[in-house]
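Here are my notes for a colleague opening this entry for the first time. Please keep the viewer at hand as you go through the numbered points.

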Amino acid sequence: MARTMTGTTTAVTARAVTAAARATAGAGVRVPLALIGAGALAMAAVELLNPGYDLISEALSRYVHGTAGGLLPAALLAVATASAVLTARLPGGAGRVRDRAGRAAVALWAAGILIAGVFPADPPGHHHRPSPSELVHGSAAFLAFAALPAAALLLRRTLAAARPRLRTALNALAAASLLGTAALAVLLADVMDGGPSLGLGGAPTLLGLVERFVLAADFAWVAVALLATATATGTVAATATATATATGAGAAGAATGAGERGRRA
């Protein structure tokens, strides 16, 4: 009877520990997810407050000189913080080379958008006469845009294995980031090399539109990756804690059984 009660207690405790661990892991990504959402909303607000800018051809970073332009660096800092949290949650250390490289790429993305937020871009029309701040901003942004699709490709299998239901979203966002970044690089080269000449209709270039597409895909990937790491962390913590609990309860049950046999003897 004592063994039955011990087994029942062990099972109940293990379920409770598993649920608590998963809930704790989920709570660990709520703040960075909120930061990503706040950053996206801030960018949308800047867009709405500056109707004089052309969202199709003008890079979003130029909006820092418009109405409520301070929201833009604040948005980048928020997303950089969320990305730093993702970096800390990703597998590393003695893990696979692919995972370590993916984690390093996420760290580069976070550092790039952080620096891009600290150093503002120049006002519109200064493509061929960049200031030092513009050079730092542009270099950091380019680094970030290049690092994120690399991270998405490197971590695709690991994150999908952690949460198979997110596999389709991870693959789609990785493809969107990669293709969008390639198109953005072509448009940037066109603008800087005597252009723009790759426009459509009345727009001299599609740089602004493509940049916004890439930002949306990259922000979404960071959010989905955070969800995947939450699941992975919760599963590992739950399994380890439940195993320890079961082991301790098993030992207690064995001791109880020994005591009963001693009394009978």
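1. Let's start at Ile115, which sits in helix α4; helices here are DSSP runs of H or I with at least four residues, and strands are runs of E with at least two, numbered from the N terminus. Ile115 is partly exposed, with a relative accessible area of 34%. On the scale used here, buried means under 20% relative accessible area, exposed means over 50%, and partly exposed lies in between (1.4 Å probe, protein chains only).

2. Before going further, a word on the source: this is a predicted model, where local features need pLDDT of at least 70 and side-chain atom pairs count only at pLDDT 80 or more, while totals for chains, interfaces and linings use all residues. Residues are numbered from 1 along each chain as its sequence is written, and side-chain values use heavy atoms, with hydrogens and water left out.

3. Now look from Ile115 across to Leu77. The two are 38 residues apart along the chain, and their C-alpha atoms are separated by 8.7 Å. Leu77 belongs to helix α3 and is partly exposed, at a relative accessible area of 34%.

4. Which residues make up the nonpolar patch on the surface? They are Leu77, Leu114, Ile115, Val118, Phe119 and Val136, with about 440 Å² of accessible area together. Helix α4 gives the most to this patch, with three residues. For a patch, residues need over 30% relative accessible area and no salt bridge; nonpolar side chains (Val, Leu, Ile, Met, Phe, Trp, Tyr) are joined within 5 Å, and like charges within 9 Å. The areas come from the Shrake-Rupley method with a 1.4 Å probe, and for residues only the protein chains shown count as cover.

5. Stepping back, the protein has eight helices and zero strands. Of its 265 residues, 38% count as buried.

6. The largest pocket is worth a visit, with a volume of about 630 Å³. Its lining has 31 residues, and Ser61, His137, Gly138, Ala141 and Leu188 lie nearest its centre. A pocket is an open set of points on a 1 Å grid over the protein atoms alone, where a 1.4 Å probe fits, with protein on both sides within 12 Å along at least five of seven lines; lining residues have an atom within 4 Å of a point. The volume is the space filled by probe spheres set on the points, which are joined across faces, edges and corners.

7. Which helix gives the most to that lining? Helix α5 does, with nine residues. Among the helices that each supply at least two are α3 (71-89), α4 (97-118) and α8 (207-264). By class, the lining has 23 nonpolar, five polar and three charged residues.

8. Side chains of opposite charge can pair when their charged atoms come close. The count is five salt bridges, each a side-chain nitrogen of Lys or Arg within 4 Å of a carboxyl oxygen of Asp or Glu. One of them joins Arg62 to Glu58 (3.9 Å, N to O), and both residues are buried. Arg96 pairs with Asp99, their closest N and O atoms being 3.4 Å apart; Asp99 counts as buried because its relative accessibility is 5%.

9. Finally, Arg212 and Glu211 meet in a salt bridge at 4.0 Å, N to O, and both are buried. Salt bridges that share partners join Glu47, Glu211 and Arg212 into one network.

How values were computed:
Ala, Val, Leu, Ile, Met, Phe, Trp, Tyr, Cys and Pro count as nonpolar, Asp, Glu, Lys and Arg as charged, and the others, Gly among them, as polar.
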